[in-house]
Amino acid sequence: MTRHARNCTAGAVYTYHEKKKDAANSGFGTTSRRIGKDSVKSFDCCSLSLQPCRNPVITKDGYLFDKEAILTYIVSKKSEYNRKMKEYEKQMKADEEEQAALANAEHQKKLDKFISTEKNIVTNKTTLGATADQQPSTSGAISNVSLGKRKELPSFWVPSQTPSAKVARIEKPDSKIYCPVSSKPLKAKDLIAVKFTLVKDPADKKSLIAKENRYMCAVTHDILSNAVPCAVLKPTGDVVTIECIEKIIKKDMIHPLTNEKLSESDIIPLQRGGTGFATTNEQLEAKEQKPCLQV
């Protein structure tokens with residue numbers, strides 16, 4: 001076979017790996033690459049600022065945000081809605097004025113037509129004959145700009161007579177605010193405060209951001225990371241591992257720290273970023289579209 005020959009470039013078969021390598025070197029086609037660990041958000045970082053949260057809050061869908069960042073986002077969206085609503089109301093008011101002007105013009109046109117009809121009830125035959133003689137004949141007119149038709153046709157080389165496009169219509173803005181990650185309706189009152197349990201290590205003198213292992217499970221004290229599935233208990237905001245929920249909490253559905261009764265809706269899985277070396281997420285491949293060379 002070709003790959004066992006002394007000179008593997010002498011084969012007549014253009015293999016898949018050779019094609020992929022040549023496409024990457026030439027810059028044509030679609031290049032896909034698996035996302036590395038440094039390119040994935042950490043589980044305790046805000047989904048907007050991508051930095052460790054100071055005051056973490058979570059949505060119903062399990063997306064973590066910093067309280068300041070998400071409230072700033074909600075306020076900006078409300079301001080944008082108010083601005084678009086003012087523009088929409090201005091457009092509606094202009095439409096009403098235009099409709100009123102058209103109605104008045106139509107009424108005035110009917111009134112003028114009625115007055116002219118009333119004035120011309122009794123006419124003179126000689127006047128009719130003279131008027132008919134004064135009208136120019138159009139039977140021999142070949143040019144499309146004769147007999148005053150020049151003003152009816154648009155001129156594409158004169159700026160004053162160039163036809164203009166209609167102004168784009170403004171749609172009525174949506175008053176709902178949507179989550180920047182899940183695109184689902186989001187309200188400030190639905191945000192749940194999250195309470196991470198710090199790792200107690202007296203020997204580690206590093207700052208919280210510099211630490212690799214910052215938080216642990218509130219019940220089992222297991223270290224939390226992107227490789228460990230976590231969940232938030234809604235009544236208190238404590239972060240525990242999914243393993244703790246399956247083995248301890250779901251036996252009697254009682255909060256292990258406060259002895260409160262829990263339900264399925266009180267357990268919110270935390271959406272973590274995942275790593276580039278474990279299939280913890282669905283979208284871990286980045287694709288870059290490039291022009292394709294066709295022969």
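Buried here means under 20% relative accessible area, exposed means over 50%, and partly exposed is whatever falls in between, using a 1.4 Å probe and protein chains only. The model is a predicted one, where local features need pLDDT of at least 70, side-chain atom pairs count only at pLDDT 80 or more, and totals for chains, interfaces and linings use all residues. Residues are numbered from 1 along each chain as its sequence is written, and side-chain values use heavy atoms, with hydrogens and water left out.

Starting with the overall layout, the protein chain has 4 helices and 10 strands. Both kinds of element are DSSP runs numbered from the N terminus, with helices being H or I over at least four residues and strands being E over at least two. Read from the N terminus, the order is α-β-β-β-α-α-β-β-β-β-β-α-β-β. Out of 295 residues in the protein chain, 23% are buried.

Helix α2 (67-119) comes next. It has 53 residues and reaches 78 Å from its first C-alpha to its last, close to the 78 Å expected at 1.5 Å a residue. That expected span is 1.5 Å times one less than the number of residues in the helix. The buried residues in α2 are Ala69, Ile70, Tyr73, Ile74, Met85, Tyr88, Gln91 and Asp95, and the buried residues of this helix pack against β2 and β3. An α-helix has 3.6 residues a turn, so residues three or four places apart point the same way. A UniProt annotation from an unreviewed entry puts a "coiled-coil region" at residues 78-105; such positions are given in the numbering used here, with feature names shortened, and annotations may be inferred rather than shown by experiment. In the model, residues 78-105 are 100% helix and 0% strand, and their end C-alpha atoms lie 40 Å apart.

Leu71 sits in helix α2 and counts as partly exposed because its relative accessibility is 34%. Leu71 and Leu191 are 120 residues apart in sequence, yet their C-alpha atoms are 9.9 Å apart in space. Asn82 is also placed in helix α2, and its relative accessibility of 43% is why Asn82 counts as partly exposed. From Asn82 to Ser175, 93 residues apart along the chain, the C-alpha separation is 8.9 Å.

On to the nonpolar core, meaning a set of buried Ala, Val, Leu, Ile, Met, Phe, Trp, Tyr and Cys residues joined through side-chain atoms within 4.5 Å. The largest one has 36 residues, and Ile58, Ile70 and Val240 touch the most other members. At least two residues of this core come from each of β2 (56-58), β3 (64-66), α2 (67-119), β7 (230-233), β8 (239-241), α4 (242-252) and β9 (267-269). Domain 1 (40-108 + 166-193) and domain 2 (195-274) each give this core at least three residues, with the bounds taken from an automatic or database domain assignment. Ile70, setting aside its neighbours within four places in sequence, is in contact with Leu48, Val57, Phe65, Pro180, Leu186 and Leu191.

Most residues other than glycine have a negative phi, and most peptide bonds are trans. Ser183, in the loop between α3 (125-134) and β4 (192-193), has a positive phi near 60°; Ser183 counts as exposed because its relative accessibility is 52%. Asn259, in the loop between α4 and β9, likewise has a positive phi near 60°, and Asn259 is exposed with a relative accessible area of 63%. Thr258 is also placed in the loop between α4 and β9 and counts as partly exposed, at 35% relative accessibility.

Methods:
Contact = heavy atoms within 4.5 Å.
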